[in-house]
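Work through the exercises below with the sequence and the model open. Each task is followed by a solution in steps.

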Amino acid sequence: MAERLARRLGTTDAVVIGLSAMIGAGVFVAFSPAVQAAGSWLFAALALAAVVAYCNATSSARLAALYPESGGTYVYGRRRLSPFWGYLAGWGFTVGKTASCAAMALTFGAYVAPALAQPLAIGAVVGVTALNLLGVRRSAGAARLMIAFVLAVLAMVIAAGLLSGPAPPFSLTDPTANGMPDPLATPGWLGLPPEPEPEISMVAVAVSGEGSWSFLGVLQGAGLLFFAFAGYARVATLGEEVRDPARTIPRAVGVALAITLAVYALVALAALHALGPERLGLSRAPLADVARTADVAWLVPVVSAGAAVATLGALLALVLGVSRTVLAMARNRDLPAFLDAIHPARQVPHRAELAVGVTVIILLLLADLRGAIAFSSFGVLVYYAIANAAALTLTRDEGAPRRAVPVAGLGLCLVLAFTLPWPAVVTGLAVFAFGAVLWFLRHRPAAGR
């Protein structure tokens, strides 16, 4: 029996970590490309994203309550489907989200000071890794402070947007009349934000920007919003560290998802009211533009600070999730056994956390990955598709959700995956194919005995 992590997280801690994973920088930028895709059907796209999230979260929560171990869908796939499907989920999550960690760190650096993005990103990874090594309660405490600040900033933006007058007429001939900042302005400290998060950028390249109704546009808008808050399974990934998991995990996932969807709906309503769909679709920094339009200039740098802190909180939750998946894969020797270790005092997978931190720093030194991880979008959908497939095998005695939930989740994940831009699909398939080849080569001797 492998050594287990201590159960130190209560319901509030689990909710906070879930919120940190979901309310990242995406909420500050996602509505612009989403409204380009879905136009006036933005709320239909948000509703569809909410349905996908509900199905995925419900399936993950039921499985996590039954298998409260580190690793999330890697564990569920192994237990309910086969070792290969579990490995495939773990491979896609570990590879894709390690690259996402680098992209998230660079996004944080670009928000604070674009000229120093790389050193700031490395500093963020070092800081997050050091914090996580101190214990999961310390990480949860830091996440609580960060998410409180982010929610306060979003509350101010929502109030400013809803209390402002209706959006002024939009001018196609005079961009300065639209209250938009000069797109050629040089960003400074907490000035203009960087490009959207990598997953959002990858989906946005396929958006036409015409804003008229189309089923594909709603799907694309749903995909953008889905990626903006796809982090609700982070609590399940930390299932081994949650007290009373059968009760805590489903409750924490449900509460975190409900709060996140409410926040997104209110932000969308405020942005549409203050900017209108045309201006919102063109905005590079929609929430900052809400503040400008509402004539609350002091709120603009606060919004940028909120986005930077949100990115840092998402990075914290992401590193936690990746390190726990690495630990689970090492336990089953799908990754080097050296990584299967728990610090006796801190009760953290210290070798896995250090390995993730070092890998992310190496990636940061080698390349700017903000626009080079197309497979991450594809990978997260495959990850949740496997979770839904595993949930389909649950019996009523095991806490199975209504069959329609995992069926819908599985189908919608696959639909969204294959409506991504073709570079994301091709790159994603290539990454999974490479992982599958490695698995078969590693297990071929065992299969031949």
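**Exercise 1: a helix pair**

Task: list the residues through which α8 and α14 meet, then describe how the two helices pack.

Solution. Step 1: on the α8 side, the residues in contact (heavy atoms within 4.5 Å) are Val136, Ser139, Ala142, Ala143, Met146, Phe149, Val150, Val153, Met156, Val157 and Ala160. Their partners in α14 are Leu299, Val302, Val303, Ala305, Gly306, Val309, Ala310, Leu312, Gly313, Leu316, Leu320 and Arg324.

Step 2: sorted by class, this contact holds 19 nonpolar, three polar and one charged residues. Here Ala, Val, Leu, Ile, Met, Phe, Trp, Tyr, Cys and Pro count as nonpolar, Asp, Glu, Lys and Arg as charged, and the others, Gly among them, as polar.

Step 3: α8 spans residues 136-163 and α14 residues 299-331; their axes lie 9 Å apart at an angle of about 145°. Axes are lines fitted to C-alpha atoms over the stretch in contact, and angles run from 0 to 180 degrees between N-to-C directions. Helices are DSSP runs (H or I, at least four residues), and strands are runs of E (at least two), numbered from the N terminus.

Step 4: α8 and α14 cross in a left-handed way, the near helix being turned anticlockwise from the far one by less than a right angle.

The model is predicted; local features need pLDDT of at least 70, side-chain atom pairs count only at pLDDT 80 or more, and totals for chains, interfaces and linings use all residues. Residues are numbered from 1 along each chain as its sequence is written, and side-chain values use heavy atoms, without hydrogens or water.

**Exercise 2: positive phi**

Task: locate Asp244 and state its phi.

Solution. Step 1: Asp244 sits in the loop between α11 (234-237) and α12 (245-282). Step 2: its phi is near 45°, a positive value in a residue other than glycine. Most residues other than glycine have a negative phi. Step 3: Asp244 counts as partly exposed because its relative accessibility is 43%; buried means under 20%, exposed over 50%, and partly exposed in between (1.4 Å probe, protein chains only).

**Exercise 3: confidence**

Task: find the mean pLDDT of the chain and a stretch where pLDDT is below 50.

Solution. Step 1: mean pLDDT (the predictor's confidence in each residue, from 0 to 100) is 83, and 86% of the residues reach 70 or more. Step 2: residues 172-176 have pLDDT below 50, with one contact in the model beyond near neighbours in sequence. Step 3: residues 202-212 also stay under 50, and the model has 26 contacts for them beyond four places in sequence.
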